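Hi everyone, thanks for coming.

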Amino acid sequence: MSLLEVSGVKKTYKARRGGASVEALKNVNFTVEKGEYVAIMGESGSGKTTLLNILAALDKATAGTVILDGMNLTTIKDAAIAKFRRDNLGYVFQDFNLLDTFTLEDNIYLPLVLAGKRHSEMKERLDKLAPSLGITDLLKKYPYEVSGGQKQRAAIARALITNPKIVLALMVTHSTKAASHASRVMFIKDGIIFHQIYKGNSTDTQMYQKISDTLNLLAQGGDLK
Amino acid sequence: MKLGLYPKIAADGIRKNSRLYVPYIATCILMIAIFYIMHLLGFSDMLKNFEGASTAKDILQLGTIIMALFGTIFLFYTQSTLIKGRKKEFGLYNVLGMNRVNLGRILFFETALIWIISMTGGILAGIGLSKLAELGFTKMINSSVSYQFTVSTDSIATTVIVYSFIFLFIYLNALRQIWFTRTINLIHADKAGEKPPKANWVIGILGLIILLSGYTIALKIESPLSALAWFFIAVILIIVGTYLVLIAGSVLLCRILQKNKTYYYKTNHFVSVSSMAFRMKRNGAGLASICILLTMILVMISSTAALYFNREETLTTRYPKQINVTATNMGVLENSEEVISKMENAVSKCVKDFGAEITEDMSASYYGLSGYFDNNKTVDIDLDPYTTLSTTFDFDSVVQVYFFDVETYNRLNNKNETLSPGKILLSIDGNIQVDDEIIIGKKTFEVEKKVDYKDGKMKYAVGTSVVSTIVLIVDDLNEAVAAFSEYTDSRGEPMLVWKWTYDFDTNLDSKGQMELRGKIGSYIDDEPGVPDPVVYYSFSRDAERDDFVSTFGGLFFLGILLSIIFMVSCVLIIYYKQISEGFEDQSRFSIMQKVGMTKENIKKSINSQMLTVFFIPIIFACIHLATVLPIVHKLLLLFGHNNVPLLLITAGICVLICGLFYALTYKLTSNAYYKIVS
Ligand SMILES: Nc1ncnc2c1ncn2[C@@H]1O[C@H](COP(=O)(O)OP(=O)(O)O)[C@@H](O)[C@H]1O
Ligand SMILES: [Mg+2]
C-alpha cells in the first residue's frame, strides 16, 4: 500500500453568478510512496493549489478519492479533520500563513500547543529543528520583522515540528533546479497530471535539462504522453 | 488632485469600512446625546422648584464636564483603533502617488463627515430622548412639580462647541499617526502588534498614585458641602487613574501570562493571551471605559433609588407631625415667650374653629447662626462663611450653631438637666473636637456636660444638617445670644436667626389637614400682638408628600433614564470591541484552522479570553462604588436623606442587576465575535 493514493480526483468550482464554472482538476491519479520527495510543477492556474488543498483536506474534491495512510480523506467527518490534519499533515502555505500575533517561535509551536503538548517537549523539538533551517536567531521576532525567505523557513519548521506523515509544500520557485532534487517530478496542465518519472539515477544536470525541456514543451501548448 | 475628489474618497472609505464605522458613529451619537441631556438638565431652568434642585443641578453640571472628559478619552482610543485598520489603505494611496497633504485632506473630510453625522444624530437623539423623558415624567409621576424638557439652544450650542473640539483633537491625533509613520510601516500597520509602552511601570505607578489620591479624597471628605467641590476632583482623578492603571495592568498581565510557559502554552490560553498582547493598550483602555460607565450607572441608580425609597422617612423627619408652623424673625432679636404663646393661641383657635382638636404637639424656639470653626475651640463669626467659601473652599470647617434653652431641651428629649450658673450643655454632630469650653465670636461658654441632642425629639427641631452642627443648651436664651446681634452677613442681614417651630397632629383626615393648613395664616395675622417682622409659614405633611414623591420620583426616573443611556453606550462599546477584534482576528482564526484548530478550540479560547478580562471592569466598578459611597451618602444628606443601610442595600441590588446585565451583554457580543471568526 502506498502512503498516498489519489485516484480520479475532480474539482469543479461553481460559478458565482452568471459566469461559467471552472474545472480546476479533471482527472488526477497518482501515488506517493513513503520517503519520496515529489515535486509537482505547472504554470499558474494549472491547479497546483487546488490539488494541495484537497490533499490537505482543506477542501473537498468534487469526485474521486484521496487515501492517506489508509484513511479516506474524501469521506472523513468534518469534526475529525482538524485532528487528522494536526497529527498527519505538515502544510507549507504559498503565503506562509504565519500569525502576526505570534513570534516565529510561537507560530512554530502552534500545532503542538493545539495538540496539547508540554512546553519542554515543544522546545526540545524546536531546538533540534531550528539550526538546520537557520532560524535560531529569528525565533523571538514577529513575522512583520523578517524577510519572505525567513518566513518561509519558519513555515517549514511549523510543518515539520509535528513529525507529520506527509509534508505538502507550496513554494514559489523560478528555478527548475530546486525540483531536480526531487526523486520524482510531475507536471500538471489544465487539471491533468502528466507522470514524468525521473528516478534518482540520472545526474542533476541531466534531470535539470529534462525538466526544462518538458516545461518548455508544456508552455508551448504541447502534450506529453 | 481636484478638491472635489476628497469628500468622495472619504465617503467611500467610510462606506467600505461600514462594519466598523457604523457602531463607531452610533457610539459618537450616543455620547453627544448624553452630553446634551446632561447639559440641559444641569444648566437650564428645567430642574427647579424643589428642595435639593440646586444640588441635583450642581451634580449634573459636574456630570456634564465628566462626560466631556470621558467622551474625549473614549473616542480617542476608539478612533486610534479605526485608524490602525485604515493605515494599510492610506499606505497604498501613498504608494500610488498621494502625498501626506492629500492623505491629511482625506482624513479631514472623513472626520468632518463623521462629525456632521454624529452631531446631527446626537443632538436629534438628545432632543428625542429628552422629549421621551418628559412623557415618562408626566405619565409616571402624578405631581404638582412639572418637568418640561424644552429644547435648549444654549445646550445645543455648548454641545456643538465641546464636541467640535473633541473631534478636532481626534482629527489631529489621526493626522499625527498618518503623518509621522513611514509609508512602509503604514502598509504593515495591521500586522504589527502594539508595543508595550517604554516605561510601563511608571505609567502603572503614576496611575495607582492618581487613583489612590482620588480614593483618598473621596474617603476624606467630611461634609457634603465640601463634597461637591472635591467630589469633582476625586471623580476626575479616579477616571484618569482607572485608565492608566488598567492600561499598564493589561500590559503587565499579558507579559506575566506570556512568561509563564505552562500557562501560556495551553491550547485555551495560547491564542487568547497572544491576541490580548497584540492589542494590550487598547484592551486596557476598553476595559477602563466599560468600568467607568458601569461605575456611573451604579452610583446614579443606587443613590436615586435610595432617595426614592426613603422618601417617607425623609418626609417624616422633615415634618414629624401632620402640620408644621414655622416662624422666623426679621429683625426681632428676642425670644419672646409672649409672642410664641400668642401664635400658639392663634393656631389652637384656628383648629378649634375648624371643629377639630390637636391630639399631640411639639413646640420649640431657638437661635441659629453659622460660622467657621478654627479647630481650636473657637467659632469665628466675623466672616460670612457661605460667601467666603467660594474663594477658600474650606468647607469642612463651616459649622451651624444652635442655641436652645435648657427647659426646651428637657421637654423635647425627656430629660431633667439643670445648669450651674454660666455653664452650658454641649452637643456636637460632626467631626469637631471641643473640650471644656467653646468660644463663639468673642464670647466664651463653659461646658458643664456633653449631651446628644439627637436622642429625642430635638433632632426634628434641628433637622438634617449638611455641615457639622454645634448645639449649645443654655440657661437664658436671650442673654446667651445678645452679643451676636450686631453681626451681619454680606447682604447686611443679621447673622443670628431666631426660629420657632410648632408641629402638631389633629383628628382630621388628609383633606381636612390641608384645608386647616390654609387657614392658619389668617389667624396668626389677626392675632394682636404678633409683631410684623415675624414671618411664618405653615405646611401640611400630606400636601408636602406629593412634592417629595415628585422630587425623588423625578430624580429616580432621571437616574434610570441616564443609566439606560449609559448602559446602551456600554453595550455599544463592548459590541464595538468584540466586532472590531472579530474582524481583525478573522484571518488569524482561519489560518489556525488550517493548522489544525477545531471549532471547539476556537470556542474555548474565546471563553478563556472572555474570562480573563470579564471580571476586571465590574470588580473595579465595585471598588469605585465602595469608595464614593461615603460621598454619595453625604450628598444625599443635602436632600434630607440619612439612611445608610438603605443606601447599602440599593447599591448591592444595583451591583447584582448591573452585573447580570453586563454578563448577558458580554455573552451575546462574544457570540457575535464567534460568528465573525468561525
Ligand atoms: N475559489 C475558486 N473559485 C473559482 N475558481 C477558482 C478558485 N480557486 C481557483 N480557481 C480556478 O481554478 C484554476 C486552478 O487554480 P489554482 O489551483 O489556484 O492554480 P495554481 O495554484 O496552479 O496557480 C484556475 O483557473 C483558477 O482560476
Ligand atoms: Mg497557486
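Let me start with a definition: a residue is called buried when its relative accessible area is under 20%, exposed when that value is over 50%, and partly exposed in between, using a 1.4 Å probe and protein chains only. With that in hand, chain A has 225 residues, and buried ones make up 46% of them.

Some housekeeping. This is a predicted model, where local features need pLDDT of at least 70 and side-chain atom pairs count only at pLDDT 80 or more, while totals for chains, interfaces and linings use all residues. Residues are numbered from 1 along each chain as its sequence is written, chains are lettered from A and ligands numbered from 1 in the order in which they are written, and side-chain values use heavy atoms, with hydrogens and water left out.

Okay, chain A. You'll find seven helices and nine strands there. By helices I mean DSSP runs of H or I with at least four residues, and by strands runs of E with at least two, numbered from the N terminus. Now contacts, meaning heavy atoms within 4.5 Å. Take the contacts in chain A between residues at least 6 apart in sequence: 66% of those join residues at least 24 apart.

How is chain A divided into domains? Domain 1 covers 4-92 + 170-219, and domain 2 covers 104-166. Those bounds come from an automatic or database domain assignment. The C-alpha centres of the two domains of chain A are 25 Å apart, and 11 residues of domain 1 are in contact with 11 residues of domain 2.

Between these two domains of chain A, the buried area is about 1,000 Å², with 61% coming from carbon and sulfur atoms. Buried area here is the accessible area, with a 1.4 Å probe, that two parts lose on being put together, summed over both. On the domain 1 side, the residues losing the most area to domain 2 are A:R86, A:N88 and A:V92, which together account for 47% of what that side buries.

What about charges across that boundary? The rule finds one salt bridge between domain 1 and domain 2 of chain A; the term stands for a side-chain nitrogen of Lys or Arg within 4 Å of a carboxyl oxygen of Asp or Glu. A:D69 and A:K165 form a salt bridge, with their closest N and O atoms 3.2 Å apart. Two elements of chain A each give two or more residues to the domain 1 side: helix 2 (78-88) and strand 6 (89-92). Strand 6 of chain A gives the most, with four residues.

A:A57 isn't a glycine, yet it has a positive phi of about 60 degrees. A:A57 sits in the loop between helix 1 (48-55) and strand 4 (63-68) of chain A, and at a relative accessible area of 10%, A:A57 is buried. The other one is A:N163, again not a glycine, with a positive phi of about 50 degrees. Look for A:N163 in the loop between helix 5 (148-160) and strand 7 (166-169) of chain A. Is A:N163 buried or exposed? Exposed, at 56% relative accessibility.

On to where the chains meet. Chain B brings 25 residues to the contact and chain A brings 24. The area buried between chain B and chain A is about 2,300 Å², and carbon and sulfur atoms give 67% of that. In chain B, the residues that lose the most area to chain A are B:Y265, B:K594 and B:V595, together 29% of what that side buries.

How many salt bridges join chain B and chain A? The count is one. The side chains of B:R588 and A:D100 meet in a salt bridge at 2.8 Å, N to O. The elements of chain B giving two or more residues to this side are helix 9 (261-264), helix 10 (267-278) and helix 19 (541-595).

One last stop, inside chain B. B:N410 lies in helix 15 (residues 406-413) of chain B, and at 14% relative accessibility B:N410 counts as buried. Leaving out residues up to four places away in sequence, B:N410 touches B:K415, B:N416 and B:E417. That's my tour, so over to you.
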